[in-house]
There are 2 protein chains.
Amino acid sequence: MSESDLLQRLVEALRCLPGVGPKSAQRMVFHLLEHDRDAGRYLGQVMLDAMERIGHCRVCRTLTEREICSICASASRDASLLCVVEQPSDITAIEQATDYRGRYFVLGGRLSPLDGVGPEELGLETLRERLHGGEVREAILAISPTVEGTATAHYISDLAAGSRVSLTRIAHGVPLGGELEFVDGGTLAHAFAGRHGL
Amino acid sequence: MSESDLLQRLVEALRCLPGVGPKSAQRMVFHLLEHDRDAGRYLGQVMLDAMERIGHCRVCRTLTEREICSICASASRDASLLCVVEQPSDITAIEQATDYRGRYFVLGGRLSPLDGVGPEELGLETLRERLHGGEVREAILAISPTVEGTATAHYISDLAAGSRVSLTRIAHGVPLGGELEFVDGGTLAHAFAGRHGL
């Protein structure tokens, strides 16, 4: 091998990134070293900073470097709406695609007792307090319609019992522009079962 | 935006990597923060180290953290063979695919006066000294057959004039297993012009 140990270590280290195989890791390393060391230095520094300083919002559990994330801290968001999502990345997707102006709660996963993911790991006690706190009027469950996701949604609807929160779940079915023949069977069956009057 | 500033800075910083767009950068960041902070920390540290400490081999100009790279320093490589390549990554490709056991010289590009790449940028004076040093018996040009690559090859053959080095150039033509109908016209024309007796 022609590479120095450090060069090879950097190629290996880049493979922790999802979607990066040996060839592309090597291309990245040569590109940075030959053409863009400043960008590499900046990336290394920001990476270290981010791994050290980014934690979870005390209120909604999303990823943030602050104690309370910008959405939870914002006075202009509607505190009577609470959208429950699985991952911080779901917030980004919803913010980019919709005009939702309420707040969020991030579970960080789905109930899966066999994998050791129980109510505590998902912060469901915090969510229960929030639902019973009196501020939330509607809680929108934006949880994926898998078996575990559905179990999680049921658990949350039990949590909400006795509060005045109205629980809703985002619609699941055939995507817009989706050709029926290319939609998977589960989705199509779900869309049929969930048909509604015109 | 729901992201903290630092999180967004990390997404942007990752886009310096070739082949990484906004979506995949975001996926990388969420993956590291939620599932693999140790790998992220290690990557950041190795990245900083590599950008600081990796330089060019004093003999062959490839990337290495040492003064002289492992191939140039190895006593078991044949010093009478010298392969001239454009990029350090070409060495990796040749090492992996062939049983070449000689040494290398890395130009770091091709002659391109309009882009400010002249003989000095490519270390051609060093190469001239090497060719006339008496140790090299055959110099193999593994330079891509573009207009600039061909000009560079010609320049090197001028450099070698008066030395006892025999210059060769790797074969260019239709790739093994390449269907003629899918090979680009330039390659096919080159392969025709370069036909040889059976």
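**Reading a predicted two-chain model**

A: Let us begin with one residue of this predicted model: Ser80(B) is buried, with a relative accessible area of 15%.

Q: Why is Ser80(B) called buried?

A: The term buried applies under 20% relative accessible area. The relative accessible area of Ser80(B) is 15%, and therefore Ser80(B) counts as buried.

Q: In which strand does Ser80(B) lie, and which residues is Ser80(B) in contact with beyond its neighbours within four places in sequence?

A: Ser80(B) belongs to strand E3 of chain B, residues 78–85. Once the neighbours within four places in sequence are set aside, the contacts of Ser80(B) are Glu135(B), Val136(B), Arg137(B) and Glu138(B).

Q: Through which surface do the copies meet?

A: The copies meet through the same surface, because 100% of the interface residues of chain B are also interface residues in chain A.

Q: How is chain A divided into domains?

A: Domain 1 of chain A covers 3–53, and domain 2 covers 75–169. The centres of these two domains, taken over C-alpha atoms, are separated by 36 Å.

Q: What is the order of the strands in the open sheet of chain A?

A: The sheet has 4 strands in the order E4-E3-E5-E6, with parallel pairing. Strands E4 (102–106) and E6 (166–169) of chain A stand at the edges; each has a single partner strand, so one side of each is left without a neighbour in the sheet. From one strand to the next, the twist averages 25 degrees.

Q: Over how many bridges do E3(A) and E4(A) pair?

A: They pair over 5 bridges, in the parallel sense. Cys83(A) stands opposite Tyr104(A) in E4(A).

Q: Which strands does helix H6 of chain A touch, and where does helix H7 of chain A lie?

A: Helix H6 (residues 124–132) packs on the sheet and touches E3, E4 and E5 of chain A. The direction of H6 makes about 155 degrees with that of E4(A). Helix H7 (residues 147–160) lies across E3, E5 and E6 of chain A, and runs at about 170 degrees to E6(A).

Technical notes. Residues numbered from 1 in each chain as written. Chains lettered and ligands numbered in written order. Predicted model: local features only at pLDDT ≥ 70, side-chain atom pairs only at ≥ 80, totals over all residues. Heavy atoms only, no water. Contact = heavy atoms within 4.5 Å. Pairing = 2+ DSSP bridges. Helix = DSSP H or I, 4+ residues; strand = E, 2+ residues; numbered from the N terminus. Axes fitted to C-alpha atoms, helices over the stretch in contact; angles between N-to-C directions. Buried < 20%, exposed > 50% of the residue type's maximum accessible area, 1.4 Å probe, protein only. Domains from an automatic or database assignment.
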